[in-house]
Structure formats: C-alpha cells, structure tokens
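Student: I would like a close look at a single part of this model. Please take the contact between the two protein chains and go through it in order.

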There are 2 protein chains.
Amino acid sequence: MAAHHHHKHGGTALADAAQAALIDAGEQWTDMRSDIFSVLATFEKPASAYDIADMVSQKRGKRVAPNSVYRILDLFVTTNLARRVESANAYVANSHPGCLHDCIFLICDTCGTATHIDNDILSNNVRAAAEHAGFAEVRPVIEVRGKCADCD
Amino acid sequence: MAAHHHHKHGGTALADAAQAALIDAGEQWTDMRSDIFSVLATFEKPASAYDIADMVSQKRGKRVAPNSVYRILDLFVTTNLARRVESANAYVANSHPGCLHDCIFLICDTCGTATHIDNDILSNNVRAAAEHAGFAEVRPVIEVRGKCADCD
DNA sequence: TTTGCAAATGTAATGTTGTAACGTGCGACG
DNA sequence: CGTCGCACGTTACAACATTACATTTGCAAA
C-alpha cells in the first residue's frame, strides 16, 4: 500500500479537487453538480437531500427538486466525492476526493455533527470478518453514535 | 468477562426468552407486544415497521397503526429484544435476548437477508477508536452491505 | 365501590426521506 | 439536418417516521 497524504482541501480548493476527480472518472462537471457540491461542502453537519435542495434552490433562485439532488448525490457517492451517513439519512462531502478507503463516522446525538476517522486496520478487519462469513463485494458501514467532546 | 453461551432460541422459546427479558427490565409483556415480537421473529429478513404493522393487523383482524408499532419497536430496541438495521430502515429480533454486545450485521444487497455476527474484539476496537476521539456513551453501528454466499 | 392515576394503545394528521416515469433541452457526431 | 445520448425538469407517488391528543386498561388509595 503506497503512502499518501491527506491534506484536506477546503473551500474552493476542495471544489477544484472534486471537479478533477469527477472528470477523472469520466463524468461531467456541470453547473448543477458544482452548485450541489459546494452547497454540500458548506454544511458543518451531514445534510439531507432536502436540505441541499432548499439551499441550491435559494442559490439559483429557482426550485430544484429533491429528485435531481438525489441523482447527483448518488453520483457523488459512487465516485467517492461524498458519502452517505446511513444512520442519519444524510450526506457529507469527502474532504479528500480521490482517496477511497472506508471511513468511520462519529455522529454526535446531541449536536448532530459528524467527524470522520480513517482506520484501515479496523475497517479491513471488518471486511475480513464479512468475507469470512461468505460475503463478497463488501461495503462496510461503520458509524458510531455518541456524544462528542464539545457536548459532554 | 464471564463466559456465556449463545444457544439461539427459536419459535416459542424465543418469545418466552423475550418475555422474561422484558419483565426483567421492569416492563410489561402485553398481548400487543407479544404479537409484535412474534411477528418480528417470523421474518427472515429485516422487517420495516410497516411490514410488521400489516402482519399484526392481519393477525388481529384489526388495523394496527404504524406508530403503535414504532413505539413498541423502540421499546424492544432499548431493552435489547430487537435491533434496528440502520442501513435498511428495518428491524430484526435479537435471537438471544439478555446478551447485549454490539453486533455486526451483514446485509445482502441482492436477497435482503441479514445475518449477524458477534465479534467483541472488533466492536471494542471501534468503541476504543471513538472514545479516543473524545466521544462518550458510544453506540457502534457496524453493518456490512455486500453479496451473501447464496447469491454469488 | 368509586375515584384517581399512570401506562398502554388508538386515531388522525403530518412531516421526512426516497423513487419512478416520462418529458425537455442541448451538444456530439454522422 | 437528423438522431442519439446525457443531464436535468416535472409530476406523482411510495416508504419511513413522528406528533398531538383521545381512549382504554389495570391497579391501588380513599
């Protein structure tokens, strides 16, 4: 496994990285996708498709249907630009598009914020356990609900 | 940590064990709860609250509203008689009520069945990682989506 | 017995999340 | 110029979940 850095992108740099990653995946970087990504990236907490739809609608001065948002979020998830937080029915931008390890979300039940940690050893162990049970094409979903340091 | 057996209960024995566990938790074992538990236990796959509502309605010959089901499912989850599968918006009966370790669900994307494995080492590692990040009162959600042995 | 309380369940309405089906605009390419 | 494919729009609906309040039940104190 090659070593690689995780310099997190922020703001415009993040959007640029996302754009590069999408194009690299053979997809287009349209205005709509750009808007949705940047809105998603501004959220502190995991954002629902409807939250995003509202924000993007405001930004564009024209109603954008949840439907359209879902389509693009799905694309983002499959191309690893964003991730779905299953236990919150919500999405977060991937702060380092291009790197694609499994990640572990810590979601605060009090304030709703989600931090994410990478721990390949842990997630690989989960993968291994699932494969040992006969599963293939495994996609781990590792999330932890709890109370964050700020909300103690 | 004391050693303990995991003889899985089935059918009536499971319902009996569930009843004992609920009463032990200071709650009542009512007809409604009994019906909901037994219906839940008959499902092979994770069942949604609405699935259960339908089945119980049939069984009773009278409509049982989803919210009644949710109430009781919540109770079951907090008393460890059932678990919620977050990535499927559905519930499964705990096949050994009374034992309360974290468990890992393997959900087949093809056939929808969920098997569950216990691996305290793994889940404790996840707990530890979360606590190391400043989280308290952690509740791990470890699920793996994939393709089961039967669906290969 | 009756009264009163608390827990469990019923009922209705509504909110939130997610999909399906089909139509439209637009650029690429022969 | 067609026509093909892709992105996006529009509408409708399905699935999941919660809220507020009413009614019933069981139990115990007066």
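Student: How many residues does the contact take from chain B and from chain A?

Tutor: The model is predicted, and the description below should be read that way. The contact takes 30 residues from chain A and 30 residues from chain B. On the chain B side, strand 3 (104–108), strand 4 (114–117), helix 5 (120–132) and strand 5 (136–147) each supply at least two residues. Strand 5 of chain B gives the most, with twelve residues. Sorted by class, the side of chain B that touches chain A has 17 nonpolar, seven charged and six polar residues.

Strand 5 of chain B is also paired across the contact: nine bridges join it to strand 5 (residues 136–147) of chain A, and the two run antiparallel. Within this pairing, A:Lys147 stands opposite B:Ala136, and the bridge partner of A:Arg139 is B:Arg145.

The two strands belong to an open sheet of six strands with mixed pairing, in the order 4(A)-3(A)-5(A)-5(B)-3(B)-4(B). Strand 4 of chain A and strand 4 of chain B are the edge strands, each pairing on one side only. On average, neighbouring strands of this sheet are turned by 25 degrees against each other, direction ignored.

Helices from both chains lie on these strands. Helix 5 of chain A lies across strand 3 and strand 5 of chain A and across strand 3, strand 4 and strand 5 of chain B, running at about 130 degrees to strand 5 of chain A. Helix 5 of chain B packs on the sheet as well, touching strand 3, strand 4 and strand 5 of chain A together with strand 3 and strand 5 of chain B. The direction of helix 5 of chain B makes about 130 degrees with that of strand 5 of chain B.

Technical notes:
Residues numbered from 1 in each chain as written. Chains lettered and ligands numbered in written order. Predicted model: local features only at pLDDT ≥ 70, side-chain atom pairs only at ≥ 80, totals over all residues. Contact = placed C-beta atoms within 7 Å. Helix = DSSP H or I, 4+ residues; strand = E, 2+ residues; numbered from the N terminus. Nonpolar A, V, L, I, M, F, W, Y, C, P; charged D, E, K, R; others polar. Pairing = 2+ DSSP bridges. Axes fitted to C-alpha atoms, helices over the stretch in contact; angles between N-to-C directions.
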